Amino acid sequence: MTEPQTTSASATTSPTATAGLVEKTPLERYQPPAKPSLVGLSRAQLTEALASIGVPAVRRKMRVQQTWHWVYVRGARQFDAMTSISRELRAALDRHFTLARPEIVAEQVSADGTRKWLLRLPGEHSLDRPHEIECVYIPEADRGTLCLSSQVGCTLACSFCHTGTQRLVRNLTPGEIVGQIMVARDCLDDWLGAARLDASPAASGASQEGKGGQRLISNIVMMGMGEPLYNFEAVRDALLIAADGDGIAISKRRITLSTSGVVPNISRAGAEIGCMLAVSLHAVSDELRNDLVPLNRKYPIKELLDACRNYPGLSNARRITFEYVMLKGVNDSLTDAKALVKLLKGIPAKINLIPFNPWPGTKYECSDWERIEKFSEIIFNAGYASPVRTPRGRDILAACGQLKSASEKLSARERLALRAMAMTD
Ligand code: SAH
Ligand code: SF4
């Protein structure tokens, strides 16, 4: 069998928008893409996709490798850009597939460099209204972290979390999870061959992260909307694509999955993904945790910590991060701090104190700064690193679930203004 022949090599215009050029389709005219996107397919699925359009078995491995490189190292948005692939195959790919990423509804840039994207995804069924999710990029001196969503909304309803109050819930596909990385790299000009990288003296030679390159996105955290361990297979498949050394190539040690405590899937995450684990603990007694994280009624603290002790690959070099949101008068007493230290004894751990990020209608307040410092001191004196996660992007509401809710309340004109603002920043 030979590769498919065609007379036309015209490229599809991807519905994806880039940072400065966001063309939003009005909600009522939104049409989910007709052709499937290759973004988010595993190597095995990509092999099948190529087979389905007639790529002969003997060439499939090479073609998969080439396509993978164009999609995940170079960030190709059109098949025509894949110059190492024959013109005929590019045209055939273009007839059957796209390289579409989620559509950008809004991009906001904070004064501290944090960027947040509101992205539109198709509804579950073709006639459903589209969904919106968010993705945040947080630059720091030594790293750039991308915070990804795993679900539209969340079923778990933690009492301090705004995402849990959102009505619509659906799991994201691997393509929609990987798609968030693609969008961020597009907007940040963070692909091999991009002008930004080419201009950088450090970009000579291999520009892969960990190989001397200067990629802006060096770390991934699954800490956006949703509970990643309730969308296990899709999150696993997406993170394995992100970690693939011949593609996006973000090391598994730089990928952290945060869970509210879905105990049965914790060991699976270690075994099947091998990424770093963060656990949203937030309370030291079952009584209080039942209230803050209702999933605790199903998987109480003892079971959760046992699963942590047995996390595959756990060591002093690969510690679990315990997240603890600081809620004034609720979980922030110094007795709580001492109990926290006692509770985590024997587990290689880091403790992340997160200042509560308030949202309209919440009954909670953030602990006073002085209290957070005292709390942190007790933990530090017990031998744990206890960084207080600095609130980032406050001016663009960069907390879990907040850009989405802000944008939902905006009129069409206000949304437009928001986008225009993002474009001029
Ligand atoms: N569902 C997962 C991951 C997403 S939430 C989980 O719960 O771990 C990511 C982190 O943000 C969690 O630690 C969560 O408890 C925290 N969080 C949620 N709402 C917050 C708020 N309003 N202020 C501060 N942290 C919040
Ligand atoms: Fe869901 Fe996490 Fe928010 Fe709880 S904190 S409602 S698990 S996203």
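I took a cavity as a set of points, on a 1 Å grid over the protein atoms alone, where a 1.4 Å probe fits but cannot get out; lining residues have an atom within 4 Å of a point. Grid points are joined across faces, edges and corners, and a volume is the space filled by probe spheres set on the points.

The model is predicted, and totals for linings use all residues, while local features need pLDDT of at least 70. Residues are numbered from 1 along each chain as its sequence is written.

**Cavities**

I found two cavities of 30 Å³ or more. I listed its lining, which includes Met 276, Leu 277, Tyr 311 and Ile 320. I sorted that lining into seven nonpolar, one polar and two charged residues. Here Ala, Val, Leu, Ile, Met, Phe, Trp, Tyr, Cys and Pro count as nonpolar, Asp, Glu, Lys and Arg as charged, and the others, Gly among them, as polar.

**Strand E9**

Next I looked up strand E9, residues 276-280. Strands (E, at least two residues) and helices (H or I, at least four) are DSSP runs, numbered from the N terminus. Five of the five residues of E9 are buried, meaning under 20% relative accessible area. Met 276, Ala 278 and Ser 280 cover one side, Leu 277 and Val 279 the other.

**Neighbours of E9**

I counted strands as paired if DSSP finds at least two bridges between them. E8 (residues 255-259) pairs with E9 in the parallel sense over four bridges. Thr 256 stands opposite Met 276. E10 (residues 320-326) pairs with E9 in the parallel sense over three bridges. I noted Phe 322 as the bridge partner of Val 279.

Methods. Chains lettered and ligands numbered in written order. Predicted model: local features only at pLDDT ≥ 70, side-chain atom pairs only at ≥ 80, totals over all residues. Heavy atoms only, no water. 1 Å grid on protein atoms, 1.4 Å probe; cavity = no way out; pocket = protein on both sides within 12 Å on 5 of 7 lines; lining within 4 Å. Buried < 20%, exposed > 50% of the residue type's maximum accessible area, 1.4 Å probe, protein only.
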